[in-house]
Amino acid sequence: MPRAFVIVIDSVGIGGAPDADQYFNGTLPDTGANTVAHIAQTAGLCVPTLDAMGLGAAVQLASAETAKGLDTTPTGAWGAATEKSRGKDTPSGHWELAGVPVPWEWHTFPDTQPAFPDDLTAEICAAAGTDGILGNCHASGTVIIEELGDAHVQSGWPICYTSVDSVLQIAAHEDHFGLQRLYDLCAAIAPTLHGMKVGRVIARPFVGSSGNYTRTANRKDFAIATPAPTICNYVAQAGRKVYAVGKIGDIFSMSGISDLRKGRDAELMGHLDDLVSEADDGSFIFANLVEFDSEYGHRRDPAGYAAHLQWFDAALAELLPKLRTNDLLIVTADHGNDPTWPGTDHTRERVPVLVHGAGARPLGLLDFSDVGASVAAHLKIPYQGEGKSFL
């Protein structure tokens, strides 16, 4: 029985979103942002495996730009996907890849201080058992723990912050505040945030001491439920297994998911390697590698982003020959995060759709939801989600 693998390389956009002028970093519209092309231009990029699958060709299709050094004639099936959902965030991108475009406008918090309404702040304090919170603003997650880590350790107050995305993030020290206490706090307030149409409450634990605080891999997302079944649900309803690798379990609130494997990106590639031999016949393996976005995109580090893409390319080269002849593997992304762009936020871009196991051919311009429909077609399961199969 065939299996399907979808690997989301988080934020690896290829420019060209037709509505990029409606999305902003500060006051600058995202028009012209192009994560892959600009990394190749500024830092250099050698990704022969991805290029052979069609990455360079997809960049040119999406944006009419040429990614320097990515000019191989594709040996895989390749295309570029455009998002319908009104967002450039993780849930919107992943849900739509899974066949469910977001039918509402996400709630975001103003870039003011305080950013959160008083009643929400009071609820956080009550759930945390504290007299106040720290932060209460738009911020970079790594910067805010540097700035407020000492005050957090001394006061015990959680550090609460947001961004242009529909999100409330809470940072707390694993030892001084407690990891389970942080999870419990996020779980307690998540229903209120979801009722406001805030997409995620994210637990952001960190460790260390003054001047040397670092975030850990114990991040946990408490995401709003999807408004309709996703490809994960359809696979599960067909009696097949769904393996979630990375933060997929959090993004989909574990709905339809039967096996969860987490860790940093290097560990996740190890899990994928294991699943090539371990995953059941007829199963769906859905992975997200987040460090492209969290470590390099938001931090505007094109050299680091290039190095991580090259690491993934080498790991992918080792993985592909291990697949079975009837396996399908799709490499795609959920949004852009151009590390050469002003600001620190995601960029509205098309994403690559690079397919191993479907021959060598151009797929053209696609919808995000065509990925989920194609997984269903490959696995030969009933599917009522959005999208059309490109197989």
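Ser11 sits in the loop between β1 (4–9) and β2 (24–25), and Asp10 is placed in that loop between β1 and β2 as well. The structure is a predicted model, in which local features need pLDDT of at least 70 and side-chain atom pairs count only at pLDDT 80 or more, while totals for chains, interfaces and linings use all residues. Residues are numbered from 1 along each chain as its sequence is written, and side-chain values use heavy atoms, with hydrogens and water left out. Helices (H or I, at least four residues) and strands (E, at least two) are DSSP runs, numbered from the N terminus.

**Annotation and overall content**

- The UniProt annotation "domain: Metalloenzyme", from an unreviewed entry, covers residues 3–362; UniProt annotations may be inferred rather than shown by experiment, and their positions follow the numbering used here, with feature names shortened.

- Strands β4 (residues 77–82) and β15 (residues 351–356) run antiparallel and are joined by 5 bridges; Ala80 has Pro352 in β15 as its bridge partner.

**Annotated binding sites**

- For "binding site", the unreviewed UniProt entry lists Asp10, Asp334 and His335. These residues span 326 residues in sequence, yet no two of their C-alpha atoms are more than 7.2 Å apart, so they gather at one spot.
- Asp293, His298 and His346 are also listed by the unreviewed UniProt entry for "binding site". Their span is 54 residues in sequence, but no two of their C-alpha atoms are more than 8.4 Å apart, so they gather at one spot.
- Asp293, His298 and His346 are included in the lining of the largest pocket, and His298 is placed in the loop between α11 and α12 (302–319).

**The largest pocket**

- About 510 Å³ of space lies in the largest pocket. On a 1 Å grid over the protein atoms alone, a pocket is an open set of points where a 1.4 Å probe fits, with protein on both sides within 12 Å along at least five of seven lines. Grid points are joined across faces, edges and corners, and the volume is the space filled by probe spheres set on them.
- The lining comprises 31 residues, of which Ala139, Ser163, Gln169, His298 and Thr344 lie nearest the centre of the pocket; lining residues have an atom within 4 Å of a point.
- Two or more lining residues come from each of α6 (141–155), β6 (159–162), β7 (167–173), β8 (200–209) and α11 (291–297), with the largest share, 3 residues, from β8.

**Backbone features**

- Most residues other than glycine have a negative phi, and most peptide bonds are trans.
- Ser11 has a positive phi of about 85 degrees although it is not a glycine.
- Gln113 and Pro114 are joined by a cis peptide bond with omega of about 10 degrees; Pro114 is in the loop between α4 (90–97) and α5 (118–128).

Conventions: Two strands pair if DSSP finds at least two bridges between them.
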